[in-house]
Amino acid sequence: MTDPDQQTVWHEQNLAEPHAVRDKARRVRAMFNAVAPTYELVNTLTSFGRDAYWRRRAVELSRVTGTDRVLDLACGTGDLARAFAAARPAPALVVGADFAGEMIRRAAGTSSPAMRWCQADALSLPFLNEQFTAVSCAFGVRNLQDLKAGFREVHRVLSPDGRAVILEFSNPSAKVTRALFHFYFNRMLPAIATLISRDRSGAYRYLPRSVLRFASRSQIVNLLREVGFERIEVHPLTFGIAVVYLAAKAHIHPVNA
Ligand SMILES: C[S@@+](CC[C@H](N)C(=O)[O-])C[C@H]1O[C@@H](n2cnc3c(N)ncnc32)[C@H](O)[C@@H]1O
């Protein structure tokens with residue numbers, strides 16, 4: 001019998017507007033369950049090791065301390081959560097959450113005493129309000145069915161002085177870099193990644209399309225503001241191929257304070 005996760009989930013019709021597909025979340029989960037065994041290897045090879053640097057930089061920019069309680073959303077196989085746990089000083093707690101069973105199962109295989117893993121949907125988190133001082137998400141928000149609802153959930157679980165740390169692909173602003181990036185990302189990466197992973201889900205055709213059709217930096221900043229974040233910083237990395245967004249949960253100032 002064919003494993004349903006090995007069936008093609010992305011094809012030309014639904015890739016025209018991947019973020020508008022009604023059952024995007026179901027397709028995203030099936031795709032990540034399918035590519036989980038080779039996910040980290042493909043990332044390292046196709047980014048020439050830059051992905052590890054981008055996550056380390058996100059951790060540095062978040063300036064965690066020993067009292068922080070970090071939630072890493074859409075944690076995948078756990079690379080960013082582990083980078084947080086390796087920070088010095090290390091946060092008191094790092095929880096990794098992902099809705100794809102095959103990804104979180106691999107994350108849970110490598111752990112340290114301050115780390116916890118949980119299979120959960122980022123749009124409906126099983127946590128009470130204000131549980132975390134930092135919520136991170138690397139290459140995850142682009143995959144959400146509803147980006148604004150995802151940002152609202154991040155805001156809800158953050159403590160009043162908490163901050164969001166979002167790492168995501170972006171379009172380089174310089175013309176030449178953008179042209180080179182598009183050529184590599186659209187033409188070469190899908191072929192190389194599909195060959196290594198032997199993927200049949202269409203994951204590496206979805207990847208460039210989902211980046212190119214995703215919200216712009218200013219749209220992301222506006223959405224973060226709309227759900228209540230303030231002091232938003234945008235840090236481009238590696239010619240702007242990746243960006244770290246830092247956003248502070250707005251303090252509620254008492255009247256007459
Ligand atoms: C590109 S991977 C990123 C994984 C990891 N953060 C990293 O840096 O390698 C995207 C992850 O987002 C997860 N994801 C997408 N939508 C989600 C949702 N609604 N709730 C939880 N996880 C989600 C996928 O299962 C996948 O593991």
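Guide: A polar backbone atom of Phe 99 is 3.2 Å from a nitrogen atom of the ligand, a polar contact being a pair of N or O atoms within 3.5 Å; within protein, one must be able to donate a hydrogen and the other to accept it, and residues adjacent in sequence count only if both atoms are side-chain atoms. This is a predicted model, in which local features need pLDDT of at least 70 and side-chain atom pairs count only at pLDDT 80 or more, while totals for chains, interfaces and linings use all residues. Residues are numbered from 1 along each chain as its sequence is written, and side-chain values use heavy atoms, with hydrogens and water left out.

At Arg 55 the side chain takes part: one of its N or O atoms is 2.9 Å from an oxygen atom of the ligand. Of the 600 Å² of accessible area that the ligand has on its own, the protein covers 98% (Shrake-Rupley method, 1.4 Å probe).

Around the ligand there are 18 residues, each with a heavy atom within 4 Å of it. Those that come nearest are Tyr 39, Ala 74, Asp 98, Ala 122 and Ala 138. By class, the shell holds 13 nonpolar, two polar and three charged residues; Ala, Val, Leu, Ile, Met, Phe, Trp, Tyr, Cys and Pro count as nonpolar, Asp, Glu, Lys and Arg as charged, and the others, Gly among them, as polar.
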